[in-house]
Amino acid sequence: MSEHTISTKSYYLVFLALMAGTALTTWVAFLDLGWFNTPVALSIAWTKAMLVVLYFMHVRQSTKLTKLVAAAGVFWLLLLLGLTMGDIATRGWLGSPGK
Amino acid sequence: MITAPISVPEREHYLNASYGLKSWLLTKDHKRIALLYLATITFFFFLGGLFAVMIRLELLTPEGDMVQSETYNKLFTMHGVNMVFFFLLPAIPAVLGNFLVPLMIGARDLAFPKLNLASWYIFTIGGLFTLYALLSGGVDTGWTFYTPYSTTYSNSFVIATAVGIFIAGFSSILTGLNFIVTIHRMRAPGLTWFRLPLFIWSHYAASLIMVLGTPVIAVTILLLAAERAFHIGIFDPALGGDPVLFQHLFWFYSHPAVYIMILPAMAVISELVAASARKRVYGYEFVAYASVAIAVFGFLVWGHHMFVSGQSVYAGLVFSVLSYLVAVPSAVKVFNWTATLHKGSIALETPMLYTFGFIGLFTIGGMTGLFLAALGLDVHVHDTYFVVAHFHYVMVGGTIMAYLGGLHYWWPKMTGRMYPEILAKLAALTVFIGFNLTFFPQFILGYLGMPRRYHAYPEEFQVLNVMSTAGASVLAVGYLLPMCYFIWSLRYGKVAADNPWGAVGLEWQTLSPPPVENFDEIPTVTHEAYDYVSLPNGSVTPKKEAHVR
């Protein structure tokens, strides 16, 4: 078992960052950023998820194999999203028959 | 002179080390847990089989005269749900995998024995939920739960069934996790990755899918339940959702799930081919890599289930090409098994008969899969009996043939008893004939345009349907026979030797049945897998210096 050396102070800082992220998400939800609405919300969510994975789940200080496992999870999620979006983004390209 | 009978104290093994229901229900021994799974999935197999019998009886005549269409919908749904989630997915990994993975890698148990027992309980609880749904009135959505029918219109027990599958999914994740950690951390000294039996490689690949794919179906089921119960718009267009999104999420798991079924089947076949031909599997490394390639490529092809769903044509093109790609590693395996048999000293025992059955039937199933991956042809045969025949050739002709072959091969190790060989060969033949008689006519029916999931059909399809039903009766006999003689063999079967096949795997180097801790001493591995040249009789004593990679 690897020794985890994250200090208590770091945990509090990460916790504060997560809270700040939540507040930011709420604030941004009331702003009309046009096309950027979704990307901004997803970016904040991604940052928060990374903080949880790296610090609270100790991936930052884990072995390379553990990092590989975590990265594989992210990669597979991207496969799911990427190929699904590949359908959704191109569905209208041919138009409907008769139109 | 009166002589007292000499009583030889029976050797202690995992079956007689402790007695009583409690000793089984609280066991942490992977071998006992495998047997718990064996009993559970056998129950679900025959339950699913009962639904199949009713489906085939209904289709004996063109009219819908035995059950009403609503009941028929429930029959094929419960057949699919039972067979896919509660038999085919756990069959080989949870029974043979659980029993053999630690034995094959020279370990005393899996990495997390308590988690292993928990997996069985979770699986059983999931099964009970589904059973509850069945007894309460059943579910009629098809095993695919397509929306918006499942979320909005179906009046059957969708949520109860879905919860059952959701719960059982965790069992799959935990088993996969247990296998991955065990294979990484608990291999015997000297057992490098490229000395591992191909059984382990395939189970490793299948475990990756279990861990990476199953959470997605769990989330999908939760979303389905959320829409059905709380009308949250996710999939129903009337609520602002997208029904094709459900199909994406569902098939992202459910297509790779086919590989959770077939990769462990391939695992069994690799062992059976090597042991029967007494040769190293031809192109061992390629077969090992092919397992991982199937697991990875298997995640990229799900859209071929959706060519006529309204999915973009461009996405369809990509999925079509990727689907052809996954055929390559599958073909590598089939060709390499065949090449292994070339000039092999083939023993035509029962396990090998099932192996021949697997290779032939899986090839037909796989090749017809290529037909279905072709965009144009798929439009013609989509949702017809051609598809039904295709996936039964893969799942039943593939997975169940391998499962039965594996059960026969390792039965002596699991129970310490031999099965009756002649009867077993007869059963293998019965299964093969019954299977082909059942499902080959369905290819023709599908090509002629008979759609699946209808309880009535035009009269011109009757002859082929009668053939199919007759075949199902033969198949049922073929499946009942092994169950009967396996149970018979527990008491009356010939006592098995520790290594009745003269095979070289580590599982054959311990006693039959194995002791609780598997090995008296953890073995040190000095040979590559299937080294029949150095170890001609499966003996651990080498004839000559082992070839060390």
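By nonpolar core I mean a set of buried Ala, Val, Leu, Ile, Met, Phe, Trp, Tyr and Cys residues joined through side-chain atoms within 4.5 Å. I'm working on a predicted model.

**Entry 1: the core of chain B**

I looked up the largest nonpolar core, which has 178 residues. The members that touch the most other members are B:Leu96, B:Phe199, B:Phe358, B:Tyr403 and B:Trp410. I then asked which helix of chain B gives the most to this core. That turned out to be α8, residues 243-277, with 24 residues.

**Entry 2: around B:Phe199**

I picked B:Phe199 and listed its contacts, leaving out residues up to four places away in sequence. B:Leu96, B:Gly97, B:Leu100, B:Val101 and B:Met104 are on the list.

**Entry 3: chain B as a whole**

I counted 15 helices and zero strands in chain B. Its radius of gyration is 23 Å, close to the 24 Å that the globule rule gives for 549 residues, so chain B is as compact as a globular protein of that length. The C-alpha trace spans about 85 × 55 × 45 Å along the principal axes. Of the 549 residues, 59% count as buried. I also checked contacts with a separation of 6 or more: residues 24 or more positions apart account for 81% of them in chain B. The accessible surface comes to about 21300 Å², with 70% belonging to carbon and sulfur atoms. For the charges, I have 28 positive and 28 negative, and their mean positions are 11 Å apart.

**Entry 4: B:His527**

Is B:His527 buried or exposed? It is buried, at a relative accessible area of 8%, and the cut-off for buried is under 20%. I found B:His527 in the segment after α15 (462-492) of chain B.

**Entry 5: chain A**

Chain A has three helices and zero strands. Its radius of gyration is 19 Å, whereas a compact globule of 99 residues would have one near 13 Å. The C-alpha atoms fill a box of roughly 65 × 35 × 10 Å along the principal axes. I noted that 16% of the 99 residues count as buried. Chain A exposes about 7400 Å², and carbon and sulfur atoms supply 73% of that.

Technical notes: Residues numbered from 1 in each chain as written. Chains lettered and ligands numbered in written order. Predicted model: local features only at pLDDT ≥ 70, side-chain atom pairs only at ≥ 80, totals over all residues. Heavy atoms only, no water. Helix = DSSP H or I, 4+ residues; strand = E, 2+ residues; numbered from the N terminus. Rg over C-alpha atoms; globule rule 2.2 N^0.38 Å. Buried < 20%, exposed > 50% of the residue type's maximum accessible area, 1.4 Å probe, protein only. Contact = heavy atoms within 4.5 Å. Areas by Shrake-Rupley, 256 points an atom, 1.4 Å probe, with all protein chains shown as cover. Lys, Arg positive; Asp, Glu negative; His and termini not counted. Charge placed at Lys NZ, Arg CZ, Asp CG, Glu CD.
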